[in-house]
Amino acid sequence: MDLFFQQLINGLSLGSLYALIAVGYTVVYGIVQLINFAHGEIFMIGAFGAYATWMVMGQPTDWSAPLSILVLLPVMIIGGIIASVAVALLTERWAYRPLRNAPRLAPLITAIGVSVFLQEFVRLFYGYIPGFPDAKSAIPFPSVPGISGETIQVGGVLIQMTAVFTLAALVVCWVFLWYYVNRTKTGRAMVATSQDPDTARLMGINVDKVIMAAFAVGAALAAIAGVAHGLRYGNIDFKMGFLAGLKAFTAAVLGGIGNINGAVVGGLVLGVAEAMATTFIPGQFGSSAWKDVWAFVLLILVLVFRPQGLLGAKVVDRA
Amino acid sequence: MSSDTITQAVSAAAGGGPELLLDARNVTMQFGGLRAVNDVSLQVHTGEIVGLIGPNGAGKTTFFNCLTGLYKPTSGTVFFAGEPLPPQPRLVVRTGMARTFQNIRLFHNMTALENVMVGMYCRTKTNAIDAVFRLPRHRHEELASTERARELLAFVGLSGTENQLSRNLPYGDQRRLEIARALATDPRLLLLDEPTAGMNPQETRQAEELIFKIRDLGLAVLVIEHDMRFIFNLCDRVACLVRGEVLVEGVGDVVQNDPRVIEAYIGSPQTTPYEQPGPGSGKGASDA
Amino acid sequence: MRVVIPDELKIRFRYPARALGITGGVLMLVSILLPWAYAPEALDDMTFYGAPSPLQLFFAVLPLLLILLLAIPLVGKQRLGKGAKVVAWNTTAKTASIMSLIVVAVAVAAIAIGLGGLVNVDPGGWLALVGGIMAVAATLFLPDSPEPTLYRVKSPKWLQILGIVVLMALLLFGAAYILGFEDADDFLMFAAFVVGMVMVLRQFGVFGWLGIAAAANNRILVLSAFVVAFAFPFTQNGSDANMSVASQVLIFAATALGLNIVVGLVGLLDLGYIAFLGAGAFTAAVLSESAFATIKWSPPFIVTVLIAGTVASLLGLLIGAPTLRVSGDYLAIVTLAFGEIFRITMNNLDGNDGPNLTNGSNGIPGIPDLNLFGFDFGKAHVILGIDIGRFANYYWLMLVVIALIIVVFTNLNHSRIGRGWVAIREDELAAEAMGVNTFALKLLAFAGGAFLAGVAGSVKAHYDVSVTPDQYVFLESAFLLAAVVLGGMGTVMGVLVGATILKLLPEKLRFFSDYRLLLFGLLMVIMMRFRPEGIVPDERRQLEFHDTDEELAEEVEEELTSHHAHLYPEAGGFVL
């Protein structure tokens, strides 16, 4: 039983990571019906932005635990968010916006181009910043005293502090999102635009602004996920967005793309499913080498049996 | 069009005895809480032109979509030539029912001829192997379909536009091309969704003639229209749909003079047993 | 970039402008008699007086054309007769001057960078630069001419065929020449020259004319193209180095052509296409006679090819059947996931994490060369006195595979099925409502494309000698997609051009190889923004991407009618 709870916790923390990224896919898809392939790279840039912030702060390693958690970590997160949001808005402005009325294939291909470009850009040029390490291979992510390497023991279950951080981040973001979407003007405009962009425009909503807000919100959450990823795995690299992005998209589809709560639920379910698969699938196929395969098989199964996702998609097939 | 033409045609069709072609029984379509089509029954026989009128939002197009397999009715069944309708649009087309769209949905970067030939898709059999190796079946079918597509274009009066992109055709011609494309599927029943929308009186008259010509081929036609004069000139029978329900069904005169129909279109100061006053009750009238 | 000069100025200065332009052209011509560079290391040796280097001679063609284009109209409209309207004299001259200047600029930059500073540029180079600037400045003052109407000129059949043959010969020697460059700077200057010539000829209306000629002599064109491609190894004097590049280009192009069925014809975005190539390669590898092959049954290669294709298309069905029913957006990401599943699975089937089929990340090395009908692909053969090496053998084999794929592509496109595909691309719902079996057609494209990739993969396995999972990763899929997008979705020619450019450039410009992916990512974004239909556009595709351009619609229609392509549906395909 302990094993089960252990894997449940592992799965939930992994799932929180997916959920944080998945929100970005789902918000953007809900409003412009674009699968933003480059969103995984936005997540990666969040992590690199946080790392850069840490470098600029003089690579503090010996801060006390409370100071680290209350000052260092928030500042790193803000640095990551700034980097992610800036890049996301730039891509929206220069790559996607000109294609808003183009055939659907065009923005999809653009998104792949952006994704490849961002990966390569970080790989080639991150090391050019004076004093920064070369990003052609993985960079060790700074450890934050009080979180990195710390664990809590609950019964027979060992919980990493990084997992607690990720889960907590998800909860905070979820509450914030709920408030943002339901209680703010921009949030409500977002809902209106996602339901009918033309009418929303007629009602005086600045659709461009709403779309930018969607990209920004998604990017901010992805940046937080980027930091969480760095803390969890101890290093970051330019390719990290690819697989994480793919998983997060799976999570978004699983929950029902276009549905924010769906993205969160989908992320958690996917994380738990992955963790359980590595433990409870017997034989060779239960080894961790196969866990990504199981995640994607889950994606395909969802598309076959419940294409609208667990909580129902806003749009599945526009008739 | 005078009424003699109608009687002539009806008697001509009656020679073989009209067959019950479309039989929609108690079709209901519900979207969430909205009942767009409520318990509608409608029959269409061979050689008949049936009109479907009703104010905007009465559920005419939704009913069409139920007939053509685009929507699956919440309850009720549609029979075509005695068989229940298959659930997919393309299978419905195969059984012999073709449609046009309210807002023209041509393949607008294809030529007129190609558009019609797409309509022939379900009646041709060339498979990938035939096409790759250019086997005789491919060649014969290709020549035959080209020939037939030209004939159909000529039939609707679009000779000479074969190689024009459909997007470059004038509006009225696009409507006729859509009819030609539907005819290419070799239907026994043609469903026309507002075939004269946006047309001037002269084009409307041409459309009327075309529909008679189609009926004279032995096809049944079901037309949705707003243009009252057009529909009462054209149709043997008219059904009036209001808020998802069939209000009246019968010969043109009967429907035309039915107080409930007039009321549905023009509105009424009083509350009738058929209509609860409420928001939107006047909407249809103002649009019509 | 557009310099607007008022019309009255243009009219007042038309003769001085022409004179200045001609002078600029003459200066550029004279400059090749002077040395351009101080030392011979940069470009080819450009240090002599009175003895131009080959690159200089090539360059000279552009100013020569410029002078002719500027001088001939001086004889007057009456004497030119029909010629006055057939050719866009002024616009073509402008293009020629701009392209000359670009070539000179590339050369000067190459000399300056190669030898370390602008001091190494000798008077000839400066003179050419000055001449080029003069010519550009002058031609900007010329009024724009109307579009060339060369393609309307009725030409006899023999002339059309001659045109095609000349084009093919140019292609052959151009390709041989371009592959022969060792240095990146030579390559760049020559490439600039080629692009310049293409632009000038296009502006002249030559390609419009060739298009008509090609449409009228479809079979001759295709046949001569293959003869030329077949003859290519004979131009290499027994050297196999360039054939290695050429055969890689062909393998890449074959795969991209298969992808183009899915992306270009049906409009489905497949991001895991490389997995089908990999499936074919792994199938061929495990069925080969390699000592590391895990299946000890080695059928003849013909059988292997079919099995490889079938395995790939079965995978295609497996992945397509669930996803092709739902919205097209999902397909992109599911194929992406499938690519990952494939890579991970191939890594895991190592006997440790799963049954041993692929030896995991080590892959299957030591795949022997093909031996078809006693023809050993691994050995050099002497044909017509020229050594035809291993790579040339594979090159020929790939040529056959490509021919096969082109036949499949074209014949499907010009058939009932192709029309169904276009209809799906244009309006899937309407297509379905008109009785088109959209699901089956999409599945056919998907599985068919996979089959072709499987076939290409089975040859690639033998060509590469070893097959490992890391050859078949997402970036390769993106790279293939870039070839399709760059070349032109839905066209054969476009993909061949796109694949050639994308494979050849990194091969010839080594310094750029690290930036390869960065630039390709950027390229995809830029192409989608400014020319989504690609270098060689499919007319219909072009319209789809420029939905509001009515002028273009009229133009395309005119072109379609003049080609008579669909008046005679038979004309579009190849008869086997």
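I began at a turn: in the hairpin formed by strand 2 and strand 3 of chain A, with two residues between the strands, G155(A) takes a positive phi near 60°. The model is predicted; local features need pLDDT of at least 70, side-chain atom pairs count only at pLDDT 80 or more, and totals for chains, interfaces and linings use all residues. Residues are numbered from 1 along each chain as its sequence is written, and chains are lettered from A and ligands numbered from 1 in the order in which they are written.

**Entry 1. The hairpin and chain A**

I checked how the two strands pair. Strand 2 (residues 151-154) and strand 3 (residues 157-160) of chain A are antiparallel, with four bridges between them. Here strands are DSSP runs of E of at least two residues, helices are runs of H or I of at least four, and both are numbered from the N terminus. Two strands count as paired if DSSP finds at least two bridges between them. I152(A) has I159(A) in strand 3 of chain A as its bridge partner.

I then looked at the whole of chain A, which holds 11 helices and four strands. Its radius of gyration is 19 Å, close to the 20 Å of the globule rule for 319 residues, so chain A is as compact as a globular protein of that length. That radius is taken over C-alpha atoms, and the rule is 2.2 Å times the number of residues to the power 0.38. The C-alpha trace of chain A spans about 55 × 50 × 35 Å along its principal axes.

I noted that 52% of the 319 residues in chain A are buried. A residue is buried if 20 or more other C-beta atoms lie within 10 Å of its own, exposed if 12 or fewer, and partly exposed in between, with C-beta atoms placed from the backbone. Of the contacts in chain A between residues at least 6 apart in sequence, 77% join residues at least 24 apart. A contact means that the C-beta atoms of two residues, placed from the backbone, lie within 7 Å.

**Entry 2. Two sheets in chain B**

I traced an open sheet of six strands in chain B, with order 6-7-8-3-9-10 and mixed pairing. Strand 6 (97-99) and strand 10 (245-250) of chain B are at the edges with a single partner strand each, so one side of each has no neighbour in the sheet. From one strand to the next the twist averages 20°.

Inside this sheet, strand 3 (residues 49-53) and strand 9 (residues 237-242) of chain B pair in the parallel sense over four bridges. V50(B) has R237(B) in strand 9 of chain B as its bridge partner. Helix 8 (residues 201-216) of chain B lies across strand 3, strand 7 (189-193) and strand 8 (220-224) of chain B, and runs at about 150° to strand 8. For such angles, axes are lines fitted to C-alpha atoms, for helices over the stretch in contact, and values run from 0 to 180 degrees between N-to-C directions.

I also found an open sheet of four strands in chain B, antiparallel, with order 2-1-4-5. Strand 1 (residues 20-31) and strand 2 of chain B are joined by eight bridges. L22(B) stands opposite V44(B) in strand 2 of chain B.

**Entry 3. R137(B)**

I looked up R137(B), which is in helix 6 (residues 136-155) of chain B. R137(B) has 15 other C-beta atoms within 10 Å and is partly exposed. Leaving aside neighbours within four places in sequence, R137(B) is in contact with K125(B), T126(B) and D130(B).

**Entry 4. Chain C against chain B**

I counted 38 residues of chain C in contact with 39 residues of chain B. On the chain C side, helix 17 of chain C gives the most, with seven residues. The residues of that side divide into 19 nonpolar, nine polar and 10 charged. Ala, Val, Leu, Ile, Met, Phe, Trp, Tyr, Cys and Pro count as nonpolar, Asp, Glu, Lys and Arg as charged, and the others, Gly among them, as polar.

**Entry 5. A246(C)**

I placed A246(C) in helix 12 (residues 241-266) of chain C. A246(C) counts as buried, with 27 C-beta neighbours inside 10 Å. Not counting residues up to four places away in sequence, A246(C) touches L179(C), F232(C) and Y395(C). The C-alpha atoms of A246(C) and F232(C) are separated by 9.4 Å.
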